[in-house]
Amino acid sequence: MKIADYTAVELSEQIKQGRVTVKEALDAVFEQIDCTEEAIHCYVTIDRERAYRQAQEVQKKIDAGELTGPLAGVPFAIKDNLCTEGMLTTCSSKILENFVPTYSAEAVKRLEAAGAVVIGKTNMDEFAMGSTTETSYFGITRNPRNTEHVPGGSSGGSAAAVAAGECFAALGSDTGGSIRQPASYCGVVGMKPTYGTVSRYGLIAYGSSLDQIGPLTKDVRDCAAILEVIAGEDKKDSTSMKREDTNFTEALVDDVKGMRIGIPRDYFGEGLDPEVKQAVLAAAKVLEERGALVEEFDLSLVEYAIPTYYTIAAAEASSNLERFDGVKYGYRAPVDDLHPMYKKTRSEGFGAEVKRRIMLGSFVLSSGYYDAYYLKALRVKALIKKAFDEAFAKYDVILGPVAPTTAPRLGESLADPIKMYLGDIYTISVNLAGLPGISIPCGTDSKGLPIGLQLIGDCFREKNLIRAAFTAEKALQEERR
Amino acid sequence: MANIIDDATIEYVGILAKLELTDEEKEQAKKDMGSMLDYIDKLGELDTTGVEPMSHVFPVQNVFREDVVTNGDAREQILANAPEEKDGMFVVPQTFPG
C-alpha cells in the first residue's frame with residue numbers, strides 16, 4: 001500500500017510501528033502536491049520548511065513514546081481563516097493578504113499538541129462567504145474529481161486537498177454548510193459539530209452564533225478521531241461548552257439496530273436532483289436493512305431557513321468585519337485622511353460578495369429596520385429550533401441530502417446570488433439550530449461527480465451520527481464490492 | 001420587485017458599512033439588496049407573535065472570568081503586522097486638521 005493511500009489514523013499507526021517516518025509521510029504529501037496543486041489550487045500558503053521542522057520534533061516525541069495518539073505524525077491542512085502562529089492567514093481576502101498571526105487557533109494548537117503536522121493553509125471563499133471557493137482573492141480551487149467543476153465552499157480548499165491526497169486530513173469551518181457541502185462535492189467526509197463543541201478562539205469570525213470548526217477527512221474513523229482531539233471547553237471562547245462525552249471514537253460501531261432515523265419529506269421536494277435523491281434514499285435503505293427504523297416525517301419551516309440565515313449571518317458579519325480598517329494589520333489604502341482611509345481600505349480590500357453581505361447586514365441592523373428584519377429572523381430561528389426539537393423527540397438521526405445537486409460547473413453559481421444561496425437549503429438550518437451534521441459520500445451521479453449523504457443529530461449527540469455514518473460507510477463499501 | 005432601494009438608502013448603508021462604492025457598484029448594490037430583501041420578506045408569512053428572539057441556541061448567559069492577564073508580550077510581532085508603525089505605536093493618517 002502506498003503511503004498516500006492510508007487514512008490519517010492508519011498512517012499514524014504505521015508511523016508508531018516504525019514502518020513509515022513522519023518525514024516520509026510529508027514527502028508523500030508534497031510529492032502529490034507537486035503533481036496536482038497547479039491544476040487544483042487547494043492552498044493559499046504551503047510552508048514546507050516549517051512542516052519538516054515540525055516533523056522532526058514530532059518524530060522525536062513518537063520515538064520517545066511521548067506521542068501515542070491517533071493523529072501523531074499526520075500531515076494536516078488548515079483552512080485559511082484559522083490563525084496559525086507565524087504563518088500567513090488571509091481568509092482568502094486582499095484585506096488580510098499580509099497578515100501573520102501572533103498566535104494559533106485553539107483547534108490548531110490541540111491538533112499540533114496531538115502530533116499533527118500543519119503543511120499549509122487552504123483556499124476558501126473570501127471570509128467564508130460563498131459556496132464555491134470562487135470568491136477567493138487568490139483564485140479559484142477546482143474539484144479534484146472533475147476540474148471543470150467547483151469543489152464547493154467555503155471550505156473548498158480543505159475538501160479538495162483531502163480528495164486530491166494533498167494532505168491526510170484538514171480542518172474547515174461551517175457557518176451554513178461550509179464543511180458538509182464541499183465534503184459532499186469532493187467525495188470526502190466532513191462534520192460540523194454541535195455549536196460550542198470546538199473552541200472558536202483564533203477562527204476569524206463570520207457569523208459568530210453559527211460558526212463552528214470541524215474536520216474534513218477520508219473516512220468516518222478519521223473524522224471521529226480528529227473531533228475527539230479538537231473538542232473541549234476553552235476559557236478563551238465563552239461559547240465553548242464543557243462536555244464529558246467527547247470520546248467520539250467509541251461511537252465507531254458498525255450497528256444501527258433500533259436506531260430511529262427520520263427522513264424529512266420537505267428535503268426531497270422540488271429542486272432536488274433525481275440522481276441525488278436516488279442515492280440518498282438508497283443509503284437510507286441500506287441503514288434500514290441493517291436494522292434502523294426508518295420513516296418519513298414533515299420537518300416544516302424548511303423554506304424559511306435561508307432568509308433567516310442570510311439576515312442573521314449578514315448582520316453578524318457586518319459587525320465582525322468592522323475590525324478590518326487598515327490600522328493594525330492587513331491592507332491599507334494610501335490615503336492621507338483617516339475616515340477616507342478606512343473607507344478606501346475596506347472598499348479596495350473586500351471583494352463583491354463580502355461587501356454585499358456587509359451592506360445587507362448594516363441595513364437589517366439599522367434603526368427602523370432592526371425589528372422588522374433582524375429580530376424577526378431571531379424569532380423564526382426559535383421556531384426552526386423548536387421544529388428540530390420536536391423531530392428529535394421521535395428520531396435519533398435525521399437523514400437527507402447535503403445539497404440539491406452535485407458540484408456545479410465553474411462560473412455557473414456566482415451570477416445569481418439567490419440561486420447560489422438556495423443551494424444551502426439542507427445544511428443551513430443545522431447551523432441555526434446549533435446541531436451537529438455530517439456528510440459522507442454515498443455514490444456518484446452519471447457524470448461521475450460525488451453525492452453526499454447528510455446525517456443530522458440532536459445537540460450533543462455526535463455519537464449517534466458517528467455510529468450511523470460509520471455503519472453506512474461500511475455498508476456502502478460492501479455494496480460497491 | 002417590492003423593495004425599491006433608493007440612492008439615499010445606499011448612501012446611508014455606505015456610511016454605516018464604511019464602504020465607498022463606485023456608481024456602478026451602487027446600482028448593482030441597489031438591485032442586489034432589493035432582491036435579497038424581497039426574499040427575506042418571506043419571513044413575514046410566519047406569525048411570530050409571542051416568540052422570543054433567540055440569539056443563542058443554548059441557555060447560556062454571561063460567562064465571567066477573573067480579570068487576569070494570561071497572554072504574554074507580543075508587541076513586536078503585533079506591530080510587525082501594522083501597515084505603519086513608529087516608536088512602538090500604530091501610525092494612522094492625520095485625524096484633525098493641523
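**A helix of chain B against chain A**

The buried residues of helix α1 of chain B are covered by elements that include α9 and α11 of chain A together with α2 (23–40) of chain B. Helices (H or I, at least four residues) and strands (E, at least two) are DSSP runs, numbered from the N terminus. A residue is buried if 20 or more other C-beta atoms lie within 10 Å of its own, exposed if 12 or fewer, and partly exposed in between, with C-beta atoms placed from the backbone.

This is a predicted model, in which local features need pLDDT of at least 70 and side-chain atom pairs count only at pLDDT 80 or more, while totals for chains, interfaces and linings use all residues. Residues are numbered from 1 along each chain as its sequence is written, and chains are lettered from A and ligands numbered from 1 in the order in which they are written. The scores of the model are ipTM 0.95 and pTM 0.97. For chain B the average pLDDT (the predictor's confidence in each residue, from 0 to 100) is 91, and 98% of the residues score at least 70.

Helix α1 of chain B spans residues 7–17, and its buried residues are B:Ile10, B:Val13, B:Gly14 and B:Ala17. Seen down the axis of α1(B), these residues fall within an arc of 105°, so they line one face of the helix; the arc is that of the directions from the helix axis to the C-beta atoms. An α-helix has 3.6 residues a turn, so residues three or four places apart point the same way. B:Ala8, B:Glu11 and B:Ile15, on the other side of α1(B), are exposed. Just after the helix, B:Lys18 has a positive phi of about 50°.

The contact between the chains takes 53 residues from chain A and 40 residues from chain B. Two residues are in contact if their C-beta atoms, placed from the backbone, lie within 7 Å. On the side of chain A that touches chain B, at least two residues each come from α9, α10 (338–349), α11 (352–365), α12 (370–394) and α13 (417–422) of chain A. Helix α12(A) gives the most, with 11 residues. This side of chain A divides into 26 nonpolar, 13 polar and 14 charged residues. Here Ala, Val, Leu, Ile, Met, Phe, Trp, Tyr, Cys and Pro count as nonpolar, Asp, Glu, Lys and Arg as charged, and the others, Gly among them, as polar.

One residue of α9 (residues 305–320) of chain A is A:Thr308. A:Thr308 counts as buried because it has 25 C-beta neighbours inside 10 Å. Leaving aside neighbours within four places in sequence, A:Thr308 is in contact with A:Ala377, A:Val380, A:Lys381, A:Ile384, A:Leu432 and B:Leu43.

Chain A also contains strand β11 (residues 450–457); eight of its eight residues are buried, so the strand is largely enclosed by the rest of the structure. On one side lie A:Pro450, A:Gly452, A:Gln454 and A:Ile456, and on the other A:Ile451, A:Leu453, A:Leu455 and A:Gly457. Strand β9 (residues 397–401) of chain A runs antiparallel to β11(A) and is joined to it by five bridges, with A:Leu455 as the bridge partner of A:Leu399. Strand β10 (residues 437–444) of chain A is also antiparallel to β11(A), with six bridges; A:Thr444 has A:Pro450 as its bridge partner. Two strands pair if DSSP finds at least two bridges between them. The hairpin of β10(A) and β11(A) has five residues between the strands, and in it A:Gly448 takes a positive phi near 85°.
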